[in-house]
Amino acid sequence: MELKSKIEKTFEERFGTKGSLYASAGRINLIGEHTDYNGGFVFPGAIDKVIMAAIRPNGTDRVTAYSLDLGEEATFGLNEEDAPSQQWARYIFGVCRETLKRGFDVKGFDTVFAGNVPLGAGLSSSAALESCFAFAMNRLFNSDAIPKFELAKIGQSTEHNYCGVNCGIMDQFASVFGKKDCLIRLDCRSLEYEYFPFSINGYKLVLLDSVVKHELVDSPYNKRRQSCERVAAKLGIETLRDADMAALETIKAEISTEDYMRAKFVIEEKKRVLDVCDALNRGDIATVGRLMYETHRGLSKDYEVSCEELDYLNDIAKECGVAGSRIMGGGFGGCTINLVANEKYDRFIATAREKFSARYGHEPKVYDVVISDGARCVQ
Ligand code: GLA
């Protein structure tokens, strides 16, 4: 059954009435990885995979939430001491709390939600969930008075304060601001952004999901961020946005090799985003693709957030003459994003399926990218 009808039906069964429907999207990122929390540039877009929720204020100060995908219910109050124990419910609770903390309104509601954003694939299902509820709280209880950027920040603070991930703003930004057929270049220092209509005649963007999620013991994501912050502090600057390789070389002897490699990647990556945008404006797909391979190399060798399976998918792309390919998102599993000429598409997908399953015992999942709208009301 279609997502929308499934949610509507379940909402009616559980709460005996209808709710209003909201949705927000997962995201891809063409280039600019681990640059957001360094004040650099990112280049994401929302996709056609969403988290959708039916919501109805219930006249109390409690929330009853049902996750259709997990078949679990959680109820919680809106005060800090009423935090739910289920991890998935903490995303919704966090959004409510962060909205209240900013002086806006949230009252009790009933909700049923579900989604088709693959989990753990690096497509930001959690940002989609946060943005869906932030958008809905704004519409239902605040007459849209909360500015759009604040909605993204409500989601980001939810990750920081309720989920233990010290993430940047990219995922929530893309989920809230996404626009059909457009990528968005965001300057994460000034928060200025620009929509780039994304049409690449003769090419497709396709994701290959390794379906691998490596156990994130010790929060390696937060550790990468700490490395960057240590180097910035050493350089006496706020973020690595203001660093260049010459400056990094001057402190090389005073920092660990690991911190040096992390900072080197970030400095190179922030320039690649601008170079990719210029190349796209010129219609120079070869350069876009080459820079994507460079990013993969950097993420794998210098930032060390790739894994064997993703490196293998990247090698297969190279062998098949795919224009550009790289690991996408935070890393440690998930997808590669591939820019592939139409005539090479079928052979690439077939080869990737065959070789990957011969080595790892399962095929990668294939998602064609459709750039779509972000947070919205669903009619
Ligand atoms: C995760 C985070 C983002 C960003 C990416 C890496 O998706 O949530 O803020 O840092 O990793 O680019």
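The model is predicted, so local features need pLDDT of at least 70 and side-chain atom pairs count only at pLDDT 80 or more, while totals for chains, interfaces and linings use all residues. Residues are numbered from 1 along each chain as its sequence is written, and side-chain values use heavy atoms, with hydrogens and water left out.

A salt bridge is taken as a side-chain nitrogen of Lys or Arg within 4 Å of a carboxyl oxygen of Asp or Glu, and by this rule the count comes to 29 salt bridges. Among them are the following pairs.

| Pair | N to O distance |
|---|---|
| Glu-319 and Lys-355 | 2.7 Å |
| Asp-171 and Arg-27 | 2.8 Å |
| Arg-262 and Glu-304 | 2.9 Å |

The side chains of Glu-319 and Lys-355 meet in a salt bridge; because Glu-319 lies in helix 10 and Lys-355 in helix 11, the pair ties together parts that are 36 residues apart in sequence. Helices here are DSSP runs (H or I, at least four residues), as are strands (E, at least two), numbered from the N terminus.

In helix 11, Tyr-345, Phe-348, Ile-349, Thr-351, Ala-352 and Phe-356 are buried, and the buried residues of this helix pack (contact means heavy atoms within 4.5 Å) against strand 9, helix 10, strand 11 and strand 12. Just after helix 11, Gly-361 takes a positive phi of about 80°.

How values were computed: Buried means under 20% relative accessible area, exposed over 50%, partly exposed in between (1.4 Å probe, protein chains only).
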